[in-house]
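My notes follow in the order I checked them.

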Amino acid sequence: MAAVTRGSFSALRLLLTQQYRRRCFRPQNLRYNRNLHLSASRWDRSLQMVGARALHTAIARRGSIVQFKLSDIGEGIMEVTVKEWYVKEGDKVSQFDSICEVQSDKASVTITSRYDGVIRKLYYDVDGTALVGKPLVDIETESGSELNQEEDVVETPAMAREEHTHQEIKGHKTQATPAVRRLAMENNIKLSEVVGTGKDGRILKEDILNFLAKQTGAILPPAPHFQEIQTPGPAPTAPAPKPVSTPVGVKPPPTAPKPVFTGKDVTEPLKGFHKAMVKTMTAALKIPHFGYCDEVDLSRLVLLRSELKAVAERRGVKLSYMPFFIKAASLGLLHYPILNSSLDEGCQNITYKASHNIGLAMDTSQGLLVPNVKNVQLLSVFEIAQELNRLQTLGAAGQLGQAELMGGTFTLSNIGSIGGTYAKPVILPPEVAIGALGKIQVLPRFDSDGQVTRAHIMKVSWSADHRIIDGATMCRFSNLWREYLENPASMVLDLK
């Protein structure tokens, strides 16, 4: 309205000025020049007063428009993909409210607001590419509020433990991030009933999960990325029933839908984690891979895990075989530290990593992700299981952050949870070794007395950077790792 008013006054003012000039330069109207000049001046002052009032009214009704720019996420990221908008044009937002979720080639992050106001413009659609430093949304700040031209707040799962906001509940302040509040809301949990274990009593995501475990007796169900042993059941003794004809009027059970072929080629740009995979695998092609395969008899480990599984569940943790595989790998890396090293780009220096940050390849809805368990050399098998449960839950929710995905030094790929026995794993630079675990099969094997017995066999495939790791080193490491798993009691001797 204010813009229309200003435009009308400007047009009227221009028209009067043109009429004034034409009359002033007519000979018969020269004597009226002074009077017309005074009249035009008085009209001009009137227009200025009315325009000023209209402008003042518009400013009083509307606040300032702030271009909300996407700040630097770090790790050299220059662009992200907008995965989901939590707001739309016209929505009112407060400080620290979630604006949208974006995905880089390394992690997904949540963008939160720094202003109180109303969303006036969204610059990108879902799946659009947003550039760092460019406007993300326009926010009309509330009148009278302090305008602070700072960049937006980026909340990642790793930062959730450090940054916090305040929410008034029952007369006291409960400290929690927007992501934690959303997790509590989705599970119908009141934050006032949760005891925070973070700094100054702030509530962490782990506190919500632990509170939920006490209520339900189990943690949030993770995605089935870790394999379970399914021994073949006994053969059926009863004869198979004869097929029964379907009565008239009763619909048969639905069949699996057939794939639909549109007959059209579709081209789309690489984004997010797929783009990161292209970069990583291209760099991996420069590494000369050395492959080594073996099989491991896990029969004793199967018995040990069956005894400990119920104990771990009572403590709120799902115990799979992967914590044993990871811990055995860490014990082996203590004897062969070159497998936990990295080679610089010039191939002049080897860096031996002090921490065993062992990654686990996960098949998620976002693609292949490799979060890692930090400092495995300092953790027990139970603590490793706890961390794997946490990573599983974050992966299923699409909330794995840079803290979980960065810093890996050694990787295990549990391809057997999907299927297959042998594989040819590709090293993830700057790491120098990786192992692929096949599915566990019940197969006949000869025991020490020469008798055929049932054995739980798993195939393992290793790849190593042949520039700095020779075949004998990889073989000795694999033998030690296999010995720990075939005789899990021997791991107790080397645990710290």
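**Cavity.** Before listing any lining I need the term: a cavity is a set of grid points where a 1.4 Å probe fits but cannot get out, and a residue lines it if it has an atom within 4 Å of a point. I also keep in mind that this is a predicted model. I searched the whole structure and got one cavity of 30 Å³ or more. The largest cavity holds about 50 Å³ of space. I wrote down its lining as Lys 327, Ser 330, Leu 331, Leu 334, Gln 377, Asp 494, Leu 495 and Lys 496. Which helix gives the largest share of that lining? Helix α7 (residues 322-335) does, with four residues. Sorted by class, I have three nonpolar, two polar and three charged residues around the largest cavity.

**Gln 103.** Next I went to a single side chain. I find Gln 103 in strand β4, residues 98-103. Is Gln 103 buried or exposed? It counts as buried because its relative accessibility is 8%, and the cut-off for buried is under 20%. I then skipped the neighbours within four places in sequence and looked at what else Gln 103 touches. Its contacts are Val 80, Thr 81, Lys 83, Ser 108, Gly 272, Phe 273 and Gln 366.

**The four-stranded sheet.** I traced an open sheet of four strands in the order β1-β8-β6-β3, and the pairing is antiparallel. Its edges are β1 (65-69) and β3 (92-93), each of which pairs on one side only. Between β1 and β8 (residues 135-141) I have five bridges, again antiparallel.

**Strand β20.** This strand spans residues 452-465 and is mostly covered, with eleven of its 14 residues buried. I looked up two partners. Strand β12 (residues 289-297) runs antiparallel to β20 and is joined to it by nine bridges; there, Val 296 stands opposite Met 458. Strand β19 (residues 433-446) is also antiparallel to β20, over twelve bridges, and Leu 437 has Val 460 as its bridge partner. β19 and β20 make a hairpin with five residues between them. I flagged Gly 450 in the turn, where phi is positive at about 80°.

**Aromatic pairs.** My count of ring pairs is seven. One of them is Phe 68 with Tyr 115, edge-to-face, at 6.2 Å centre to centre and 80° between the planes. Phe 68 is in strand β1 and Tyr 115 is in the loop between β5 (108-112) and β6 (117-122), so I am looking at distant parts of the chain, 47 residues apart. Phe 68 counts as buried at 1% relative accessibility, and Tyr 115 does at 4%.

I also checked Phe 410 with Trp 462: the centres are 6.3 Å apart and the planes are at 45°, so I logged that pair as tilted. Phe 410 belongs to strand β18 (residues 410-413) and Trp 462 to β20, so the pair ties together parts 52 residues apart in sequence.

Last entry: which residues make up the aromatic cluster with Phe 410 and Trp 462? I have Tyr 321, Phe 325, Phe 477 and Trp 481 in one cluster with those two.

Definitions and conventions
Residues numbered from 1 in each chain as written. Predicted model: local features only at pLDDT ≥ 70, side-chain atom pairs only at ≥ 80, totals over all residues. Heavy atoms only, no water. 1 Å grid on protein atoms, 1.4 Å probe; cavity = no way out; pocket = protein on both sides within 12 Å on 5 of 7 lines; lining within 4 Å. Points joined across faces, edges and corners; volume = space filled by probe spheres on them. Helix = DSSP H or I, 4+ residues; strand = E, 2+ residues; numbered from the N terminus. Nonpolar A, V, L, I, M, F, W, Y, C, P; charged D, E, K, R; others polar. Buried < 20%, exposed > 50% of the residue type's maximum accessible area, 1.4 Å probe, protein only. Contact = heavy atoms within 4.5 Å. Pairing = 2+ DSSP bridges. Phe/Tyr/Trp six-rings, centres within 6.5 Å; stacked < 30°, edge-to-face > 60°.
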